[in-house]
Amino acid sequence: MPTTGAPEADATHSVLAALRSPRRLRTEVLAGLVVALALIPEAIAFSIIAGVDPRLGLFASFTMAVSIAFLGGRPAMISAATGSVALVVAPVAREHGVDYLVATVILAGVLQVLLGLLGIAKFMRFIPRSVMVGFVNALAILIFLSQLPHLVDVTWVVYPMVAVGIVVMVLLPRWTTVVPAPLVAIVLLTAAAVLASLDVPTVGDEGELPTSLPALLVPDVPFDLDTLRVVAPYALAVALVGILESLLTAKLVDDVTDTHSDKTREAWGQGAANVITGFFGGMGGCAMIGQTMINVKASGARTRISTFLAGVFLLVLVVGLGDVVAIMPMAALVAVMVMVAVGTFDWHSVRPATLRRMPRSETAVMVATVAVTVATSNLAYGVLVGVVAAMVLFARRVAHVTTVTRLDTDDDDGQRVYAVQGELFFASSNDLVYQFDYAGDPGRVVIDMSDAHVWDASTVATLDAITHKYATKGKTVTIVGMNPESAARHERLAGSLGAGH
């Protein structure tokens, strides 16, 4: 089994083991080829979204894939030009030009390296499962919706071609998995379109393919504070969106492959890949959920070989075999992406039986994540809303499990004892002050905290307020039973928070 520090120790995921096994190597090579074919129209489309020449998206996909194959922490994950990054950098390209866009990508990469080294990957633990499920389902929906424009205002023959492609990918794996079903579908539909001279949209219709290799360049921008003020906000947005999408995709691949990956390495690896991409004139990118699922789930790849070859094949195809790639029907690639969307969606999460068992708050968080992500086409917004919703609903649920019980009814000894139970923080402690009989209690009041925990300053301020209310009526309060952590927090903050003012 793979270890925490070396996720590729498993023979299935080892590059050396794949190189020694013709069967495994064939799987990796063919997977890389399928991914490369799927990357071409996506990269062109994202370039159009960003408002730049298609070469910037294609070169970015090449440099990102090849770089992350060596630098990334998640084997077999595909990084390339993405729609989320394209949306962020589009205003820079539109208002300031391509050189400022490239400077933005380089700065974003530097920020990602810094954030990765500072341990931003550790914050992944705060993303609940319901948000992860919403993230997966939203991406599946976005992948499907992104294919619809290729099915509008087209000749009728496109629809049966897509249907045939889907049938091939559904039925072929039942007979053989020697060759990836998506690759077979692409080859068959391309051959049919060429032999029958079908007038259908092709990859070449999406944009001009490059005819030369990418070259090193330095963005032609002034290296001063004015430039920094222009690019810094966009660079920070690219850095955060890219890391978030990459780490969530890495976690998804972990689940699919039942292996562990180095999220910290993935975070700074994405940054280094973006720096390299920027200096080669690319538009930047991050992990791609659709192409990653093609690679891992549809094609069965498990090592860095497939990621590296996806980038290499992409460059060879668009530069060396551009004329061949240009005649591939978009219907074939649409069929592949539709199957990816179907395979990505967590169908179990929306079954009636699952929804009946699942707490409503969990379902609400999932729905909120899906709705915001699909509405904005921005993963960061959806995940942010999902996490905030989960936190609010969790705080609300926990707040209602705090209780205050009066332990005695006989106050002849001049003392009243209250027992507080539950987790005390800003949401649950706000109502605590109303649980005591300030006027009716005797002169001495004991609050037993043996079954409670004080988590924040809000709770200490509430306890101060309770003590103050009793003091105004000439009564004393003794707090007992605190655990060491709660007692230390109470001792440090009590009387210094302005309670009663």
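Predicted model: local features only at pLDDT ≥ 70, side-chain atom pairs only at ≥ 80, totals over all residues.
Residues are numbered from 1 along each chain as its sequence is written, local features need pLDDT of at least 70, side-chain atom pairs count only at pLDDT 80 or more, and totals for chains, interfaces and linings use all residues. Side-chain values use heavy atoms, with hydrogens and water left out.

Helices here are DSSP runs (H or I, at least four residues), as are strands (E, at least two), numbered from the N terminus. Take helix α10 to begin with: residues 263-279 make up its 17 residues, and it reaches 25 Å from first C-alpha to last, close to the 24 Å expected at 1.5 Å a residue (1.5 Å times one less than the number of residues). Of those 17 residues, 12 are buried, so α10 is largely enclosed by the rest of the structure; buried means under 20% relative accessible area, exposed over 50%, and partly exposed in between (1.4 Å probe, protein chains only). Among the buried ones are Lys263, Glu266, Gln270 and Asn274. The cover over the buried residues of α10 includes α3 (54-71), β1 (79-80), α5 (98-117), α9 and β2 (286-287).

Helix α9 (residues 225-257) also passes α11 (residues 289-298), their axes coming within 11 Å and crossing at roughly 20°. That makes α9 roughly parallel to α11 (angles under 35 degrees count as roughly parallel, over 145 as roughly antiparallel, 65 to 115 as roughly perpendicular and the rest as oblique).

As for Thr190, this residue sits in helix α8 (residues 181-195) and is buried, at a relative accessible area of 14%. Leaving aside neighbours within four places in sequence, Thr190 is in contact (heavy atoms within 4.5 Å) with Ile327, Met328 and Pro329.

Terms used: Axes fitted to C-alpha atoms, helices over the stretch in contact; angles between N-to-C directions.
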